[in-house]
Amino acid sequence: MFEFAWLWALLALPLPFLFRLLPERHKGQSAALRVPHLDASFVGTSRKTGSSRSRLVMATLAWLCLVLAAARPQWLGEPVNVPAEGRDLMIAVDLSGSMKVEDMQVNGRTVDRLVMIKHVLGEFIQRRVGDRLGLILFADTAYLQAPLTYDRETVHQLLDEAVIGLVGEQTAIGDAVGLAVKRFEARKESNRVLILLTDGQNTAGNITPRQANDLAIQHNITVYTIGVGADSMLVQSFFGTRQVNPSQELDEKMLTELAQSTGGQYFRARDTQGLEAIYARLDELEPVARESRQMRPQTALFHYPLALGLVLTVLLSLSPVGRWLMNLPRRSA
């Protein structure tokens, strides 16, 4: 779209015509500037020739170009979404063997814990407009699957592609927190938030949960922990159907201390509805700073009328001198 940034500058267009309407100076007033080396025949000729009309047209066009350049013409491109500054939010998902337990329901279908997490977490990721999101997958150790990025679609896709057992069968919670701390170190000024989802206790890794907790506190990282798993489920055995607690290995004490010591909270997700409520609560505790902004790329066009006006001005100033030189008497051979 074409527009003038300083549209008010166009008010200067009629100034030369208004100047022409001013009363003429007294005839007896002496000229402020005299050019004695130009003969009178040149001056008289320049006034009487028909080129005076073309000179007026050139002067008018030159003035028009200069005013248009002063109004700053520009071309605005299509709107482009620019993410606003939000927070750095890292998500750590447990892929240990216990995530295979099918004690969750999604749309009336019994699924394992990872499928339920993917179902609910995907919607949470899509809502985090303006945040940088990262994804950590952990089991025997922790791996960075997606660095902090505004590309929510890619983070969502990488989460969907995660499978249980990809990085082992055990649970390295300390390594997951330590890896998040390391990735946050590259960003000095941000609201650093870690959401950790697990269904067990720390059984592997090079960093203990206590050490990881100290690192998170030292680097001002807020940790929200979510314990996943139902309280009871029916299983078939040789002796018939019996009720068991599939989450008996969940270390809620450690997860609570890890969260509260860093200024976060511990949540318990016993079913799909519970996890959805937790993510809604996280939206309140860590709201998106502001919606993304739209900006339109600007291409300045003022140099085109400015260059044309400059050319017309130069031609206008040189034309009388050129005609005067052409009228000089030629030396006979």
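A residue counts as buried under 20% relative accessible area, as exposed over 50%, and as partly exposed in between. In this predicted model, Glu252 has a relative accessibility of 33% and is therefore partly exposed. Its salt-bridge partner is Arg268, with N and O 3.6 Å apart. Arg268, at 15%, is buried.

Glu257 and Arg210 form a salt bridge whose closest N and O atoms lie 3.7 Å apart. Because Glu257 belongs to helix 8 (residues 252-260) and Arg210 to helix 7 (residues 209-218), the pair ties together parts 47 residues apart in sequence. Glu257 is partly exposed at 36%, whereas Arg210 is exposed at 51%.

In total the structure holds 11 salt bridges. One of them joins Asp283 and Arg128 at 2.7 Å, N to O. Asp283 lies in helix 9 (residues 272-285) and Arg128 in the loop between helix 4 and strand 7 (132-138), so this bridge ties together parts 155 residues apart in sequence. Arg128 is buried, at 1% relative accessibility. Both residues belong to a salt-bridge network that also includes Arg127 and Asp131.

Now the nonpolar residues. The largest nonpolar core has 37 residues, and Val93, Leu197, Ile226 and Leu275 have the most contacts inside it. Helix 4 (residues 113-127) gives the most to this core, 7 residues. A separate core of 25 residues includes Phe138, Val177, Leu196 and Ile221. Leu197 touches residues including Val93, Ile117, Phe138, Ile226 and Leu275.

Methods:
Residues are numbered from 1 along each chain as its sequence is written. This is a predicted model: local features need pLDDT of at least 70, side-chain atom pairs count only at pLDDT 80 or more; totals for chains, interfaces and linings use all residues. Side-chain values use heavy atoms; hydrogens and water are left out. A nonpolar core is a set of buried Ala, Val, Leu, Ile, Met, Phe, Trp, Tyr and Cys residues joined through side-chain atoms within 4.5 Å. Buried means under 20% relative accessible area, exposed over 50%, partly exposed in between (1.4 Å probe, protein chains only). Helices (H or I, at least four residues) and strands (E, at least two) are DSSP runs, numbered from the N terminus. Contact means heavy atoms within 4.5 Å. A salt bridge is a side-chain nitrogen of Lys or Arg within 4 Å of a carboxyl oxygen of Asp or Glu. Lists of a residue's contacts leave out its neighbours within four places in sequence.
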